[in-house]
Amino acid sequence: MALEVVDLVVDVEGKRVIDRVSLEVERGRIVALMGPNGSGKTSLVYAIMGHPRYEVVSGDIILDGESIKELPTHKRVLKGVMLGFQNPVEVPGVKLSTLIIAARNKLDGKSELLKIDPSVFSEIKKYREIVGVSDELLYREANVGFSGGEKKRAEILQLVSLRPKYILLDEPDSGLDVDGVRDVARAVETLREDGRGILIITHYARILEFLEPDEVLVLVDGRIVDRGGPELARRIEREGYEAYLSHS
Ligand SMILES: Nc1ncnc2c1ncn2[C@@H]1O[C@H](COP(=O)(O)OP(=O)(O)O)[C@@H](O)[C@H]1O
Ligand SMILES: [Mg+2]
């Protein structure tokens, strides 16, 4: 069981941003996608999610053996692939807890969206502790007046509470202090142990100090230019991307 990107070519605004990228995220594994700014990391995850401005020119996106390339975004989500946003939106008037429970019930196909199943509630509570979201935050309006770190933690909590089969995280370590990065890493580790497949985008290898990826991919100019194990992330943290950049 895997999320596969096969020989994918993506254009945005007539510009090639992803050029024949192939990768595979198996369940129970963490794949780290690294690369300098502007190399196409966000474009790749947008294309996987079916963002309308990211045109798939050729190649395919396969979820557990089935192409999802032609599906609209919400259908991809229902199939079990989700993206963590870099800037979570504020939802005035709706408690964070309500948002999470309603979304979870919707995904589980329940008709009463606000009814809390006790087992789901205890599961969310477990994640809440791992991610470091306080009880108080859970009962405040979602993201309203949250600090940067609180927003990020709340975002990760929402995502893990929905238990997607595959989870795409776009720089979840950005804007977090070291404790935040460690908590997010711990939540991601829980997802791996739970048998979820994780694609984690990171520019700096910071989060990888707390998280051992199963595979590291390096994206430069829309192409995968290197692949390896955790040692590759450590090398990039030491030396940067200099070795991959042509100076023509
Ligand atoms: N919506 C867009 N409109 C125009 N250009 C875009 C758009 N999204 C991405 N790009 C361009 O595609 C390239 C890759 O960007 P991006 O995927 O954001 O890279 P990364 O996430 O690795 O920093 C950049 O040159 C960027 O300017
Ligand atoms: Mg980006």
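The model is predicted: local features need pLDDT of at least 70, side-chain atom pairs count only at pLDDT 80 or more, and totals for chains, interfaces and linings use all residues. Residues are numbered from 1 along each chain as its sequence is written, while chains are lettered from A and ligands numbered from 1 in the order in which they are written.

**Around ligand 1**

The shell of ligand 1 holds Val-12, Glu-13, Val-17, Gly-35, Asn-37, Gly-38, Ser-39, Gly-40, Lys-41, Thr-42, Ser-43 and Arg-53. A residue is near the ligand if its C-beta atom, placed from the backbone, lies within 6 Å of it. By class, this shell has 2 nonpolar, 7 polar and 3 charged residues. Nonpolar means Ala, Val, Leu, Ile, Met, Phe, Trp, Tyr, Cys and Pro; charged means Asp, Glu, Lys and Arg; the others, Gly among them, are polar. Helix α1 (residues 41-49) gives the most to the shell, with 3 residues. Helices (H or I, at least four residues) and strands (E, at least two) are DSSP runs, numbered from the N terminus.

**Helix packing**

Axes are lines fitted to C-alpha atoms, for helices over the stretch in contact, and angles run from 0 to 180 degrees between N-to-C directions.

| Pair | Angle | Axis separation |
|---|---|---|
| α3 (residues 96-107) and α6 (residues 148-161) | about 25° | 9 Å |
| α4 (residues 118-131) and α7 | about 140° | 8 Å |
| α6 and α7 | about 5° | 11 Å |

Angles under 35 degrees count as roughly parallel, over 145 as roughly antiparallel, 65 to 115 as roughly perpendicular and the rest as oblique. α6 is therefore roughly parallel to α7. The α6 side of their contact is Gly-149, Lys-152, Arg-153, Ile-156 and Val-160; the α7 side is Gly-180, Asp-183, Val-184, Ala-187 and Leu-191. Two residues are in contact if their C-beta atoms, placed from the backbone, lie within 7 Å. This contact of α6 with α7 has 5 nonpolar, 2 polar and 3 charged residues.

α3 and α6 are also roughly parallel to each other. Here Leu-96, Leu-99, Ile-100 and Arg-104 of α3 meet Ala-154, Leu-157, Gln-158 and Ser-161 of α6. The classes are 5 nonpolar, 2 polar and 1 charged.

From α4, Tyr-127, Ile-130 and Val-131 meet Asp-183, Arg-186, Ala-187 and Thr-190 of α7. That contact has 4 nonpolar, 1 polar and 2 charged residues.

**Gly-180**

Gly-180 sits in helix α7 (residues 178-193). Is Gly-180 buried or exposed? It is buried, because 21 other C-beta atoms lie within 10 Å. The cut-offs are 20 or more such atoms for buried, 12 or fewer for exposed, and in between for partly exposed, with C-beta atoms placed from the backbone. Leaving out residues up to four places away in sequence, Gly-180 touches Gly-149, Lys-152 and Arg-153. Its C-alpha atom is separated by 9.7 Å from that of Ile-207, 27 residues apart along the chain.

**Two positive phi values**

Most residues other than glycine have a negative phi. Asp-64 has a positive phi, near 45°. Asp-64 lies in the loop between β4 (54-63) and β5 (66-67). With 16 other C-beta atoms within 10 Å, Asp-64 is partly exposed.

Glu-171 also has a positive phi, near 50°. Its place is the loop between β9 (166-170) and α7. Glu-171 counts as partly exposed, with 18 C-beta neighbours inside 10 Å.
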